[in-house]
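Colleague: I would like to learn how to read a few features of this model. Could we take them one at a time?

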Amino acid sequence: MVATPIGNLGDLSPRAVQTLANADVIACEDTRRTRKLLSHAGVKPKVLMAVHDFNEASQVRAIVARLDQGRHVALVTDAGTPGISDPGRRMVAAAADAGHEVVVVPGPSAAIAALVASGFPSERFAFEGFLPRKGRDRAERLALIAGERRTTVIYEAPTRLRQTVEDLLEACGPARRVAVARELTKLHEDVWRGSLDDAAERLATTEPRGEHVLVLDAAPEPVAADDTDIERALLARYDAGDDKRAALPAVATELHVPKRRVYEVALRLGDRGLGDRGLGATGDLVDPD
Ligand code: SAM
């Protein structure tokens with residue numbers, strides 16, 4: 001598994017060149033692209049094989065067969081580290097299962113470069129790769145990211161960057177810090193750091209071009225809700241038309257407090273804020289215990 005540059009050819013390591021030169025087979029995503037890289041490195045490939053997302057499963061069998069014959073196979077992708085939002089993982093699993101040695105020649109990865117450039121805490125971080133494109137999967141992932149207590153690294157295509165920043169703004173709020181790392185290691189490398197609000201405003205007026213990684217700062221530590229917060233949230237729910245039965249669990253979830261605490265505050269509040277919904281069966285409180 002050989003990492004290749006994410007833009008700057010100078011990042012191809014001498015060990016990567018040596019490994020590619022010694023390989024009996026080089027498996028790659030796009031043979032034309034890899035030929036260019038090899039020609040830059042002065043490597044003449046013996047055999048090039050195309051392995052991409054759509055044929056990885058069948059090509060894995062062909063590659064394991066070569067390994068069984070004692071051949072050395074190097075796998076590269078179009079850019080960066082194989083297996084990181086790129087083909088490679090199935091290849092490693094199949095080769096290891098078949099008892100072959102898997103060696104990684106580490107090198108560039110946009111995720112690590114962007115994380116380091118962001119300046120956000122990197123002792124622990126979450127790598128999200130590309131977010132689901134739409135629907136419930138996307139909404140659920142955004143909600144998880146919004147509460148994530150580690151720095152989060154997200155890959156995105158330029159055509160979808162604006163939408164993703166807007167969705168993150170909606171999920172995480174305007175103040176969350178973000179770094180937008182663009183064209184890393186290339187001539188027009190740029191790392192912009194600011195709030196999601198400012199990022200969205202900036203993207204509204206400039207068409208994003210080139211490759212981008214978003215690095216989102218961790219969610220702030222949640223401030224524990226006190227009784228006044230619970231009271232305020234209950235009154236807001238009543239005001240919106242909820243009765244006590246509906247409001248109690250909703251407020252507990254919203255403020256991350258036990259139902260018992262909301263119940264006690266609701267008891268003290270009595271029918272305040274409920275108008276005529278304070279009476280009758282739907283207004284009755286059920287002790288959560
Ligand atoms: N395996 C690669 C790696 O290790 O970084 C990632 C491959 S993934 C298909 C491509 C995504 O990586 C792009 O959409 C972009 O989010 C990010 N990317 C790749 N090269 C980049 C660069 N030079 N600058 C910023 N982002 C880059």
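Colleague: Which residues is Glu 189 in contact with, leaving aside its neighbours within four places in sequence?

Modeller: Contact means heavy atoms within 4.5 Å. Glu 189 is in contact with Arg 182, Glu 183 and Leu 184, once neighbours within four places in sequence are left aside. This is a predicted model, where local features need pLDDT of at least 70, side-chain atom pairs count only at pLDDT 80 or more, and totals for chains, interfaces and linings use all residues. Residues are numbered from 1 along each chain as its sequence is written, and side-chain values use heavy atoms, with hydrogens and water left out.

Colleague: Where does Glu 189 lie?

Modeller: Helices (H or I, at least four residues) and strands (E, at least two) are DSSP runs, numbered from the N terminus. Glu 189 sits in the loop between β6 and β7. The C-alpha atoms of Glu 189 and Leu 9 are separated by 14 Å, and the two residues are 180 apart along the chain.

Colleague: Is Glu 189 buried, exposed or partly exposed?

Modeller: Buried means under 20% relative accessible area, exposed over 50%, and partly exposed in between (1.4 Å probe, protein chains only). Glu 189 has 43% relative accessibility, so it counts as partly exposed. Compare Thr 4, in the segment before α1 (14-22). Thr 4 is buried because its relative accessible area is 1%. Not counting residues up to four places away in sequence, Thr 4 touches Leu 12, Leu 37, Val 76, Thr 77, Asp 78, Ala 79, Gly 80 and Pro 108.

Colleague: How do I read burial along a helix? Which residues of α8 are buried?

Modeller: An α-helix has 3.6 residues a turn, so residues three or four places apart point the same way. In α8 (residues 196-205), the buried residues are Leu 196, Ala 199, Ala 200 and Leu 203. They cover an arc of only 95° around the axis, so they are on the same side of α8. The arc is that of the directions from the helix axis to the C-beta atoms. Glu 201, Ala 204 and Thr 205 are exposed on the other side of α8. The buried residues of α8 pack against α7 (158-172), β6 (177-182), β7 (190-195) and β8 (212-216).

Colleague: Which residues are buried in α5?

Modeller: In α5 (residues 110-118), these are Ala 110, Ala 111, Ala 114, Leu 115 and Ser 118. Their arc, seen down the axis of α5, is 130°, so they line one face of the helix. Packing partners of the buried residues of α5 are β4 (125-130), β5 (151-156), β6, β7 and β8. Gly 119 follows α5, with a positive phi near 80°.

Colleague: Which residues other than glycine have a positive phi?

Modeller: His 256 is one of them, with phi near 55°. His 256 lies in the loop between α10 and α11. Its relative accessibility is 70%, so His 256 counts as exposed. Ser 85 has a positive phi of about 50° and is not a glycine. Ser 85 is found in the loop between β3 (73-75) and α4 (89-97).

Colleague: Now helix packing. At what angle do α10 and α11 cross?

Modeller: Two packed helices are described by the angle between their axes and the distance between the axes. Axes are lines fitted to C-alpha atoms, for helices over the stretch in contact, and angles run from 0 to 180 degrees between N-to-C directions. The axes of α10 (residues 244-255) and α11 (residues 259-269) cross at roughly 130° and come within 9 Å. α10 and α11 are therefore oblique to each other. Angles under 35 degrees count as roughly parallel, over 145 as roughly antiparallel, 65 to 115 as roughly perpendicular and the rest as oblique.

Colleague: Which residues meet there?

Modeller: Leu 248, Pro 249, Val 251 and Ala 252 in α10 meet Lys 259, Val 262 and Tyr 263 in α11. This contact of α10 with α11 has six nonpolar residues, no polar and one charged. Ala, Val, Leu, Ile, Met, Phe, Trp, Tyr, Cys and Pro count as nonpolar, Asp, Glu, Lys and Arg as charged, and the others, Gly among them, as polar.

Colleague: How are α9 and α11 arranged, parallel or perpendicular?

Modeller: α9 (residues 227-239) and α11 pack at about 70°, with their axes 10 Å apart. α9 and α11 are therefore roughly perpendicular to each other.
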